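This report describes selected features of a single protein model. Please consult the sequence and structure shown here while reading the sections that follow.

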Amino acid sequence: MDSSTTIARELIDALRTRNQTISFCESLTAGLVAATLATVPGASDVLRGGLVVYATDLKHSLAGVPEEVLSTHGAVSPVTAREMARGTRRVCQSDWAVAVTGVAGPDTQDGHPVGEVWVGLSGPRWTASSPAAQLVDSAAGRYALLPSATEPVRVLAGGREEIRQAAVQAALSGALAGVREQN
């Protein structure tokens, strides 16, 4: 069993214990986070559903991200990740929603480096976002200079598939930490 499946099992148990549900909004992972959770027996007790919003316009039309957020911050940003999670929680009528947006490569996107990935999490009391590289083992990251940043930040390392798999792990880890934190 890989680490993402182990985290998914722990997340299902944590949600089930709290009688809560979860949904997902995925861009670069294109449904892999929800699919990973669904491989674990008992996922149907907590998984409401998900949105695949690979195209930027779908972040608005399906997940409800305000057009102003997308035009000001772009598809890859902490603000967009938060709004994706907030909108998905509302649309799927779940207690929790996790959103993933970023650049898997092989090329940069709108000035964002390969490996820049944001995880949004919306729960019963708050909505937040984190860089995916902060939610996984440090070996899965590298440093890169983000647009208009003065110092390098951690982004996910590796090729396209490694970045997508690390994003899945980051999304599940972030969700598990949030659920456990909010008693």
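## Salt bridges within helices

Arg16 has a relative accessibility of 35% and therefore counts as partly exposed. In this predicted model, the side chain of Arg16 meets that of Asp13 in a salt bridge, with an N to O distance of 3.3 Å. Both residues belong to helix H1 (residues 3-18), where they are three residues apart, about one turn of the helix. Asp13 is likewise partly exposed, at 38% relative accessible area. A network of salt bridges links Asp13 and Arg16 with Asp45.

The whole structure contains five salt bridges. One of them joins Arg86 to Glu83, with 2.4 Å between the closest N and O atoms. These two residues are three residues apart in helix H5, so about one helical turn separates them. Arg86 is partly exposed at 34%, whereas Glu83 is buried at 17%, under the 20% limit for that class.

A salt bridge also connects the side chains of Arg164 and Glu161 (3.3 Å, N to O). About one helical turn lies between Arg164 and Glu161, because they are three residues apart in helix H6 (residues 160-181). Here Arg164 is buried, with 14% relative accessibility, and Glu161 is partly exposed, with 40%.

Strand E4 (residues 117-122) is largely enclosed by the rest of the structure, because six of its six residues are buried. Val117, Val119 and Leu121 point one way from E4, while Trp118, Gly120 and Ser122 point the other way.

E4 runs antiparallel to strand E3 (residues 96-102), to which six bridges join it. In this pairing, Thr101 stands opposite Trp118. E4 also pairs in the antiparallel sense with strand E5 (residues 127-131), over five bridges; there, Gly120 stands opposite Ser129.

## The surroundings of Asp95

Asp95 is located in the loop between helix H5 (78-92) and E3. Its relative accessibility of 25% places Asp95 in the partly exposed class. Although 75 residues separate Asp95 from Gln20 in sequence, their C-alpha atoms are 5.7 Å apart.

Beyond its neighbours within four places in sequence, Asp95 contacts Asn19, Gln20, Thr21, Arg89, Ser122, Gly123 and Pro124. A polar atom of the Asp95 side chain lies 2.8 Å from the backbone nitrogen of Thr21.

## Annotated domain

An unreviewed UniProt entry lists residues 6-126 as "domain: CinA C-terminal". In the model, this span is 40% helix and 20% strand, and its end C-alpha atoms lie 25 Å apart.

Note on methods. Residues numbered from 1 in each chain as written. Predicted model: local features only at pLDDT ≥ 70, side-chain atom pairs only at ≥ 80, totals over all residues. Heavy atoms only, no water. UniProt positions renumbered as here; feature names shortened; annotations may be inferred. Helix = DSSP H or I, 4+ residues; strand = E, 2+ residues; numbered from the N terminus. Buried < 20%, exposed > 50% of the residue type's maximum accessible area, 1.4 Å probe, protein only. Pairing = 2+ DSSP bridges. Contact = heavy atoms within 4.5 Å. Polar contact = N/O pair within 3.5 Å; in protein donor to acceptor, adjacent residues only side chain to side chain. Salt bridge = Lys/Arg side-chain N within 4 Å of Asp/Glu carboxyl O.
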